[in-house]
Amino acid sequence: MEYLYGLLFGTEPDTTDVDARHALHAKLDALPDRDAQIALTADELRLLKAEMRGTPPKRQHGGGDELFVRMRSDLEEDHDAKTADAVVDAYGASPLKPNPLAKRRPSPDLLQLRKAVQDAGPLHDLISERQLSSSVPKERRRTLETALSCVGEWGFDVWAVADAFQGDTLLAARAIVDAVVFEARGFRAASTSHLLRQVVAKMLASYQDVPYHNCLHGADVLQAMHALLNLSPSFDDALDDDVVLVTLLACLSHDVGHPGLTNNFLVETGHELAIRYNDASPLENMHAAVALNLAKPYLRTRPPEEQKGARALWIGLLLATMKEHSHQIYELERALSKATERGSTYEACAPAHHVPCLKIFIHACDVSNPAKPWAVYRRWTSLVMEEFWRQAELERERGLPLTVPRRGATDLAKFQLGFISFVRPLFAAADRIAGVEMGLPLRHIDATARRWQEEPSRVEEGTRE
Ligand code: CMP
C-alpha cells in the first residue's frame, strides 16, 4: 500500500495567478493513476478546492500559516502489511509485550479522517485530506506545526510531534522524515521521489512495536543527522546530495526490525538471528540486510557504479555500531593527533574523511539523547529503560544471567551518568575535527550530567523496589 504524504508550509496564494492554475492542471493531468503519489503545495490545494467549488479561493492569513496535509486515496491501513510481517517472519518477532508508552495504531479520529478520504473520489481525496487535517484539533495542529518548523535544529522536540499524533509513532515518524527529506533537504524535487516515498514508508513499517527501538527512534536519528549537518555547514556543503540522501536513509533504517533485545540476549538464547549470523552482531547484520533489501527499488534507479558506492556507504554506516564505539574514538583521536603532529588539522571536508566522519555522526546521533534538551532526553530514557526492564524479565524467567538493568532495582542516576561518560568522549573527539561543531550537544550532555549529579534522588518512577 502506498502513501502520499505532504507537509506543506503555505505562503500567501496569488489567486489571480493564471500560470499557477495552468501549472496545477498540468500537474494533475500528468498523474498516471489515482494511486500516484503527488504532493501539492498548500496554494495549489486552495486553488484546486476553489475550482471545484466554482468560487475564488479565500486568502489565508500570511506569515507562515502552515498547513499539514496528508494525501492518499487508500488510507485504510497504515502500512504495507507485507513489510512488518515479512521482517518478523524472516527474522523473528519480538517476544516483548507491546509497548504501552508508544502506540503504533492510528487513533480513532485519524481513522475517521482516513475513512473520509477513502470514500471520496481521486481529486476529492486531496481536498478531503486538507479537510481532514483541519479536523485535527487546532491546539494540536499549532503544536505540530511549531515543532516541525524546528526540524533543522538540534533541540527539535520529537515528543511534541508524537503527542500531536496522540502517540501514533508511525504517523509522527512519517511527518518528521517528510519534513527533513522532502521539505528541508528538498529531495521531493528528485525524479525518483515517489519511489523514495515508498522506500521510506516500507522502512518505517519494518520497525517492530517495541518501547525504544521503534520507527520513531529511526526518524529521530535521521532528524539528529540533519541537525548535526546543519551545525557543521562546511562539511554539509562538501557532501554530495546522493551521499546525504543515503546517509539520511541509513539513519532512518539503522534499527529496522529491532526486537527490543540486545545482541547478547539473542546469542545467549540461540535466537534465529544469532544462528543466521553466527553470533556476530546479529542485530546490525539484520538491520543492514533488511534496509538494503527495502532500498533496492531506489538503488536500482542509480547508475551501476553509483549503486555499488551507495550500498557500501549504507552498509558501512549501519555497521558503525556500539561494538565499534571505543574503536571509533581511538581511531579518530589517532587521526587528530597525527594531524596535530604534522602541524595541520583533520578536516571533515577532505573527501577521504567524509565517510569516517559520517560514521562518527551516525553513531553520535544514535546515542544522542543525553545530548538533547532535558525534556526530550528524559522521555527517551524512560523508553530505553522500559525496554531493558522487559529484557531483564525475560532473562529472569529463563534463568539467564542478568545483563541489563532490572525494574525496581536500578539506580537510574548512576546508570545514566555511566552512559553519559561513555557517550561524551565521542562528541568531544568529534568536536576537534575541523569543520565539525559539537559545542551545543556537548553543552547539553554536561547539563544533563549536572542534573543527575545535583539531583541523584530523581529516580524513574518504578525504579525502586
Ligand atoms: P542501540 O540502539 O543498539 O545502540 C545504542 C545504544 O545506546 C542503544 O541500543 C541503547 O542500548 C543505549 N542507550 C540509548 N540511550 C540510552 C540511555 N538514555 N540510557 C542508557 N542506554 C541508552
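A polar contact is a pair of N or O atoms within 3.5 Å. In the predicted model described here, Asn 214 caps the N-terminal end of helix H10 through such a pair, with a side-chain oxygen lying 3.0 Å from the backbone nitrogen of Leu 216. Helix H10 covers residues 215-231. Its end C-alpha atoms are 24 Å apart, which agrees with the span of 24 Å that its 17 residues should have at 1.5 Å a residue. The helix is mostly covered, as 15 of its 17 residues are buried.

The chain as a whole has 465 residues, and buried residues make up 54% of them. Its secondary structure comes to 21 helices and 2 strands. Of the contacts in the chain with a separation of 6 or more, 78% join residues 24 or more positions apart.

In soluble globular proteins, nonpolar side chains tend to be buried together. The largest nonpolar core of this model contains 115 residues, and those touching the most other members are Val 161, Ile 176, Val 181, Leu 216, Trp 314, Phe 427 and Ile 433. Helix H8 (residues 169-184) gives this core its largest share, 11 residues. Trp 314, one of the core residues named above, touches Met 203, Val 246, Leu 249, Ala 250, Ser 253, Ala 291, Leu 292, Ala 295 and Leu 299 when residues up to four places away in sequence are not counted.

The side chain of His 217 makes a polar contact with the side chain of Asp 255 at 3.2 Å, and another with the side chain of Asp 366 at 3.0 Å. Leaving aside neighbours within four places in sequence, the residues in contact with His 217 are Tyr 212, His 254, Asp 255, Asp 366 and Trp 380.

Gln 223 also belongs to helix H10. With a relative accessibility of 0%, Gln 223 counts as buried. Its side chain reaches the backbone oxygen of Glu 153 at 3.0 Å. Apart from neighbours within four places in sequence, Gln 223 is in contact with Val 151, Glu 153, Phe 156, Ile 176 and Val 180. Ile 176 is also among the core residues that touch the most other members.

Side chains of opposite charge can pair when their charged atoms come close. The structure holds 13 salt bridges. One of them joins Arg 185 to Asp 236, with the closest N and O atoms 2.9 Å apart. This pair links distant parts of the chain, 51 residues apart: Arg 185 is in the loop between H8 and helix H9 (193-205), and Asp 236 is in helix H11 (residues 233-238). Both Arg 185 and Asp 236 are buried.

A salt bridge is also formed by Asp 220 and Lys 372, whose closest N and O atoms are 3.9 Å apart. Asp 220 lies in helix H10 and Lys 372 in the loop between helix H18 (354-366) and helix H19 (374-397), so this pair ties together parts that are 152 residues apart in sequence. Asp 220 counts as buried at 5% relative accessibility, and Lys 372 is buried with a relative accessible area of 2%.

Within helix H19, Arg 390 and Glu 386 are 4 residues apart and therefore separated by about one helical turn. These two residues form a salt bridge in which the closest N and O atoms are 2.8 Å apart, and both are buried. Salt bridges link Glu 386, Arg 390, Glu 393 and Arg 407 in a network.

Positive phi values were examined in two loop residues. Gln 166, which is not a glycine, has a positive phi of about 50 degrees. This residue is placed in the loop between helix H7 (158-164) and H8, and is partly exposed with a relative accessible area of 31%. For Asn 278, phi is near 50 degrees, a positive value in a residue other than glycine. Asn 278 lies in the loop between helix H14 (272-276) and helix H15 (282-299) and counts as exposed at 65% relative accessibility.

Key: Residues are numbered from 1 along each chain as its sequence is written. This is a predicted model: local features need pLDDT of at least 70, side-chain atom pairs count only at pLDDT 80 or more; totals for chains, interfaces and linings use all residues. Side-chain values use heavy atoms; hydrogens and water are left out. Buried means under 20% relative accessible area, exposed over 50%, partly exposed in between (1.4 Å probe, protein chains only). A polar contact is a pair of N or O atoms within 3.5 Å; within protein, one must be able to donate a hydrogen and the other to accept it, and residues adjacent in sequence count only if both atoms are side-chain atoms. Contact means heavy atoms within 4.5 Å. A nonpolar core is a set of buried Ala, Val, Leu, Ile, Met, Phe, Trp, Tyr and Cys residues joined through side-chain atoms within 4.5 Å. A salt bridge is a side-chain nitrogen of Lys or Arg within 4 Å of a carboxyl oxygen of Asp or Glu. The expected span of a helix is 1.5 Å times one less than its number of residues.
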